Protein chains: 2
Amino acid sequence: MQRYFVEHYERTKELDEITIFDQDIIHHMRNVMRMAIDDKCILMIEQEPYQVKVLQLDKESICCRIISRIHEQTELTVDVTMAFGLSKGDKPELIIQKCTELGANAFIPLNSERTIVKLNHKKEKKRIDRYVKVASESSEQSYRHRIPTIHNVQSLSNFSLTDYDLVIVAYEETVKSNQSYTHLSQLRQQIQSSTSVLCITGPEGGFTSSEIDQLQQHDHVMTVGLGRRILRAETAPIYMMSVLSYMLEANDC
Amino acid sequence: MQRYFVEHYERTKELDEITIFDQDIIHHMRNVMRMAIDDKCILMIEQEPYQVKVLQLDKESICCRIISRIHEQTELTVDVTMAFGLSKGDKPELIIQKCTELGANAFIPLNSERTIVKLNHKKEKKRIDRYVKVASESSEQSYRHRIPTIHNVQSLSNFSLTDYDLVIVAYEETVKSNQSYTHLSQLRQQIQSSTSVLCITGPEGGFTSSEIDQLQQHDHVMTVGLGRRILRAETAPIYMMSVLSYMLEANDC
């Protein structure tokens, strides 16, 4: 059933009615889905899903009656933020689309020493707007209850790590040089007992050793290898988010 | 360092020399990498990696001297085959590229009841050729020792499951209906003790319940949910392969 994240609405509690004013949702319901009176859909209101049926549709607003509050748990128990090295083309969009499906709650595009992509203010704004749209569509499709936050581009060198209980940095040099490395499974308990986890992955070419040294000055920063193979820049965050959601949902069924 | 999977070669054991005859490798070394005498690269010969230096380059062949056999373990200990519902656009390529990085050893594109894509013989051959190229490039990039096998398109209804110790089928209906489901973690020991695992994921819209019933008639077939969210058709195999490689590499470091 079609889902929508509603932002602008009025709710009449006594009548269990919701009137939607979001223009993009109205357009989609009327012109794309061609919905009519009595058709049903799911509205996400303040991170809660409601099954509703349409009472009245017009150009300016759509009024719906709540049939039921849906009880489902689709959010992870730990707040996961993915910070990823900006890369070329549509790779950031792939990261955001996939990691949203897998449960991430926020994204931070990163500039670091080996970042090639340079964005001026106008281009950055355009990109961020696009990323917000990708996160929103992916949230609807995957039955998320919230749309992840997209932060502006930040620089690795002056970016605050203190807001997170645990910071996990993907570093491939240990794998490249065939050394032993910390595996994500060794952080399992720490991840499960955290409130907020930040995962950091590099751009093409990865982080420099001085960047890694600087990150490692913080006690709550752990560097990990992501297995024995070299993952592309956009595969690393998808692998990490897959494993985190696997870990966090292993005990819930 | 650049890596190549060499197929056509002659080896002179006494001199530790390898002469390459693969035209695409010769082209890449000469014209793309612009390699010269004494330049180094890594050649994969019969699934073993060798660091070599170039002795002589010409249009027909390139002769290299072996410097050392590289000791690295980049292959998973379990042979994993990914069978995925054929979907539109470049989604199969994304699945093959990412799951190759993550360690899959074979791919089977599947036709099932809800498959929309219809391929005639000529189109199928073209697609399979393209998939082989994607798997090969992804293997080189991720330091794999072997290139995964790409099978021809098979039909779910008459496809043999007997070649595998364990078959894991992704089935989202349990998640959609908010029921409890078998989580991949419950199969951890079975996966780790298998020689060969087949993962099956559906096309857009998933498998029908009668397809699932038929698959479940086999004792070694397990249906699993992939977490609490609904994953896109191309995300499901990437999630499964991430988790399998995580499980299989959790104890090796």
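Which residue stands opposite I20(A) in strand 6 of chain A? Let's find out, and then look at where the two chains meet.

## About the model

This is a predicted model, in which local features need pLDDT of at least 70, side-chain atom pairs count only at pLDDT 80 or more, and totals for chains, interfaces and linings use all residues. Residues are numbered from 1 along each chain as its sequence is written, chains are lettered from A and ligands numbered from 1 in the order in which they are written, and side-chain values use heavy atoms, leaving out hydrogens and water.

## Strands in chain A

The residue opposite I20(A) is I62(A). Strands here are DSSP runs of E with at least two residues, numbered from the N terminus, while helices are runs of H or I with at least four. Two strands pair if DSSP finds at least two bridges between them.

Strand 3 (residues 17-20) of chain A runs antiparallel to strand 6 (residues 62-69) of chain A, joined by four bridges. Strand 5 (residues 48-57) of chain A also pairs with strand 6 of chain A in the antiparallel sense, over seven bridges. There, I62(A) is the bridge partner of L57(A).

## Where the chains meet

Chain B and chain A each give 44 residues to the contact (heavy atoms within 4.5 Å). Six salt bridges are counted between them (a side-chain nitrogen of Lys or Arg within 4 Å of a carboxyl oxygen of Asp or Glu). One of them links E101(B) to R232(A), with the closest N and O atoms 3.1 Å apart. On the side of chain B that touches chain A, helix 7 of chain B provides the largest share, nine residues.
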